[in-house]
Amino acid sequence: MEIREKILKLKAEKDAVILAHYYVPGDVQEVADFVGDSYYLSKVASEAKESVIVFCGVNFMGESAKMLNPDKKVIMPDLKADCPMAHMATVEGIEAARRNHEDLAVVCYINSTAEIKAHSDVCVTSSNALSVVSALPQKNIYFIPDQNLGRYISRLVPEKNFIFNDGYCHVHTSIKKDDLLKKKAELPKAKVASHPECREEILELSDFVGSTSDIIKYVEKTDAEDFLICTETGIFHALEKVGKGKRFHAVSGSQICPDMKLNTLEKLLHALETLDNELHMDEALMKKGLQPLELMLKLADRKKNEGV
Ligand code: 13P
Ligand code: SF4
């Protein structure tokens, strides 16, 4: 039996659902029940009926799924798959911000540890940050950990006062202005689509800025032959499905997230066979970390229902 068939058979036998982010290898995306951006995957996780959730992504995604489903088994193909940016904020930093600013909301990007979430007021993802931040009553926003997403959102909500943190994604910030300018000179008609974790100088040169799923939607509806894609290249698998006949180009050779690539088909099979790679979390931490996640889902849904 092929590895793919074995996975599908075990998935049914073990009452498991497989969730995968757009950055994991294409063959893993192909066996998943749901593929999406972090917001979509957290929504799917919050509504899961199966008793086992297999999360093909990085640690903060698995942890979020676990907090949303404390009674389910959440397993990952490789528990070492971690997002370095998730660790680039501190509880001391949050406490200092709370001491120094009145009328403050601590807004934490979902790419953060459970401990950071537990000390925050609300979570956001790149696809809902604008609507969630706009819906907050507080004037001051301490945005952690990602300085680039924070700065991007701050430009769109000028009525709020942002306090930034110095976290960043090493994959997205490895894309440099000179590389993009060189590619734009080679392909002058190409449209540039970028993730908001990129540097500001990249976003300024972009035709479109959005989350992974928003980039896919943009490519689908945009009439162009060539696209310069400023995000992790795992997304090309989904782009090629929606953009038949369109060509996708990376800007530099460094647009690869090594942690996302730990999610191989072989490890996924092993995780399903043994159910060994289970995420275990402290109960109290899970309860506290769940609050900002639930508020995010509530505020993002409310905005969606209002048509924003
Ligand atoms: P999305 O929410 O856009 O999928 O982003 C997740 C991520 O980790 C980007 O680096
Ligand atoms: Fe983290 Fe960057 Fe990898 Fe996304 S691409 S999981 S932000 S290291």
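In this predicted model, ligand 2 is surrounded by Tyr23, Val58, Cys83, Pro84, Met85, Asn111, Cys169, His170, His172, Glu197, Cys257 and Met260.

**Nonpolar core**

- The largest nonpolar core counts 84 residues, and within this core Val107, Leu268 and Met296 are those with the most contacts.
- Helix 14 (residues 283-305) supplies the largest share of this core, namely seven residues.
- Domain 1 (3-81 + 260-277) and domain 2 (85-168 + 289-305) each contribute at least three residues to this core.

**Backbone geometry**

- Most residues other than glycine have a negative phi, and most peptide bonds are trans.
- Isoleucine 144 and proline 145 are joined by a cis peptide bond with an omega of about -15°, and proline 145 belongs to the loop between strand 7 (140-144) and helix 8 (147-156).
- Aspartate 103, a residue in the loop between helix 5 (91-100) and strand 5 (104-109), has a positive phi near 50°; aspartate 103 is partly exposed, because its relative accessible area of 46% falls between the 20% and 50% limits.
- Leucine 275 also has a positive phi, near 50°, and is placed in the loop between helix 13 and helix 14.

**Threonine 274**

- Threonine 274 is part of helix 13 (residues 265-274), and with a relative accessible area of 32% this threonine is partly exposed.
- Between threonine 274 and alanine 114 there are 160 residues of sequence separation and a C-alpha to C-alpha distance of 26 Å.

Key. Residues numbered from 1 in each chain as written. Chains lettered and ligands numbered in written order. Predicted model: local features only at pLDDT ≥ 70, side-chain atom pairs only at ≥ 80, totals over all residues. Heavy atoms only, no water. Near = heavy atom within 4 Å. Core = buried A, V, L, I, M, F, W, Y, C linked by side-chain atoms within 4.5 Å. Buried < 20%, exposed > 50% of the residue type's maximum accessible area, 1.4 Å probe, protein only. Helix = DSSP H or I, 4+ residues; strand = E, 2+ residues; numbered from the N terminus. Domains from an automatic or database assignment.
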